Amino acid sequence: MKVGMVRKIIMCMVIVLMYVNSGNAKLHDYGDALSKSLLFFEGQRSGKLPSTQRVRWRKDSGLRDGFDKGVDLTGGYYDAGDNVKYNFPMAFTITMMAWGVIEHGNSMGPELPHALEAVRWATDYFLKSTAAAPGIIYAQVGDPNADHNCWQRPEDMDTPRTVYAVTPNKPGTEVAAETAAALAAASLAFRAFGDEAYGKVLLERAVKVFEFADKYRGSYNDSIGEGDELLWGAAWLYKATNKVYYWNYVKKNVITFKSNIEAANFEFSWDSKHAGISVLVSNVDYILGSNPLNMSYMVGYGAKFPRRMHHRGSSIPSLDQRPDHIGCKEWFPYFNNTSPNPNELTGAVSGGPEIDDSFADARANSSKSEPTTYIVSPLVGLLAFFSEAATH
């Protein structure tokens, strides 16, 4: 999941409460970058694509997800350049995007409907994955080991679509609490922009999922504590419900989880929320090209950007170009060639340069060239803010 890379980028763009614009700063077209960042999420969609799909080289995929368990788990997002749906980072992605909509939706102009659509593509999926709560919450679709041994378009997947779940006996507090946070944050976003009914549905489910997370404590990753997700989820539920119960929960459990928080308060990523209250100044101009290479790290923005992203669907000819099935092990000519990807994954943001600002635009360099939803999602609100600020 490239957590270290996520820390470096997301720490600088959680939420902007002030705009720093020096006389030497290069002004970018933040509105164009915002539009492109939202297109990226259409390139990451799983499921039956709508007629409004703008990234036309992507087609339907994962249409039987969950069917072996008797549930419908279609939809949602592939989190990176692979074809697995991980609910934990997906939920963080949506919490951050919804936060951006809440704070800066009024600055998004014609992109606001696309931002809400991007949020809803995931929350519709979360309503499916949490429908059986508090008995079971589905947390992942796809076998990561099998998937990572293939280089295959999502439309061609013949790797196992294994379904993973958390239950009272096998809990996963992190994924449940983060999902509750995503649902609560999204409920605020939809209610703020006119869809009270859908917002109410999301909030009711958020309450139920948080109850599961709090009651059945346990980490599905023993190396990561779950306390910060509980506080994060409770904070969003307090903001969404205004119920003093959740505020008291945060105050009480800040003490309980104090040692964990103090040990990791320098980082903020999909698996650690401790720095979420920090006010940070953004390096968004660096990402968009104000750097020693004069290179944008957002695909499609500017004249110079990464062309060989570590991304299966982008690097293999689309069904329009090659309609026959491409098998799991037919990867060599697509992964190893040095040509640019045939399909532009507009709005994707790469993992970024080395510490010395050098960047090798190589598909095999996954830590630097693989895009993820949770890198791009904090940019949505940030770019909306900068877009409006640049006009004043």
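**Aromatic cluster.** I started with the aromatics in this predicted model. W151, W331, F332 and F335 come together as one cluster.

**Aromatic pairs.** Next I searched the whole structure for ring pairs and got 20 of them. I looked up W99 and W236: their planes sit at 80°, with ring centres 5.7 Å apart, so I logged the pair as edge-to-face. This pair ties together distant parts of the chain, since W99 belongs to helix α3 (residues 87-104) and W236 to helix α8 (residues 227-241), 137 residues apart. I checked burial too, and both W99 and W236 are buried.

Then I went to Y245 and Y249. Their ring centres are 6.4 Å apart and the planes make 45°, so this pair goes down as tilted. Y245 and Y249 are about one helical turn apart, because 4 residues separate them in helix α9 (residues 244-256). Is Y249 buried or exposed? Y249 has a relative accessible area of 7%, so I call it buried. Y245 comes out at 48% relative accessibility and therefore counts as partly exposed.

**Arginines over rings.** I found R45 over the face of W121, 4.5 Å from the ring centre. R307 lies over the face of F305, at 3.8 Å from the ring centre.

**Cavities.** How many cavities of 30 Å³ or more does the structure hold? I noted 3.

Technical notes. Residues are numbered from 1 along each chain as its sequence is written. This is a predicted model: local features need pLDDT of at least 70, side-chain atom pairs count only at pLDDT 80 or more; totals for chains, interfaces and linings use all residues. Side-chain values use heavy atoms; hydrogens and water are left out. On a 1 Å grid over the protein atoms alone, a cavity is a set of points where a 1.4 Å probe fits but cannot get out, and a pocket is an open set with protein on both sides within 12 Å along at least five of seven lines; lining residues have an atom within 4 Å of a point. Grid points are joined across faces, edges and corners, and a volume is the space filled by probe spheres set on the points. Rings of Phe, Tyr and Trp (its six-membered ring) pair if their centres lie within 6.5 Å; planes under 30 degrees apart count as stacked, over 60 as edge-to-face and the rest as tilted. Helices (H or I, at least four residues) and strands (E, at least two) are DSSP runs, numbered from the N terminus. Buried means under 20% relative accessible area, exposed over 50%, partly exposed in between (1.4 Å probe, protein chains only). A charge sits over a ring if NZ of Lys or CZ of Arg is within 6 Å of the ring centre and within 35 degrees of the ring normal.
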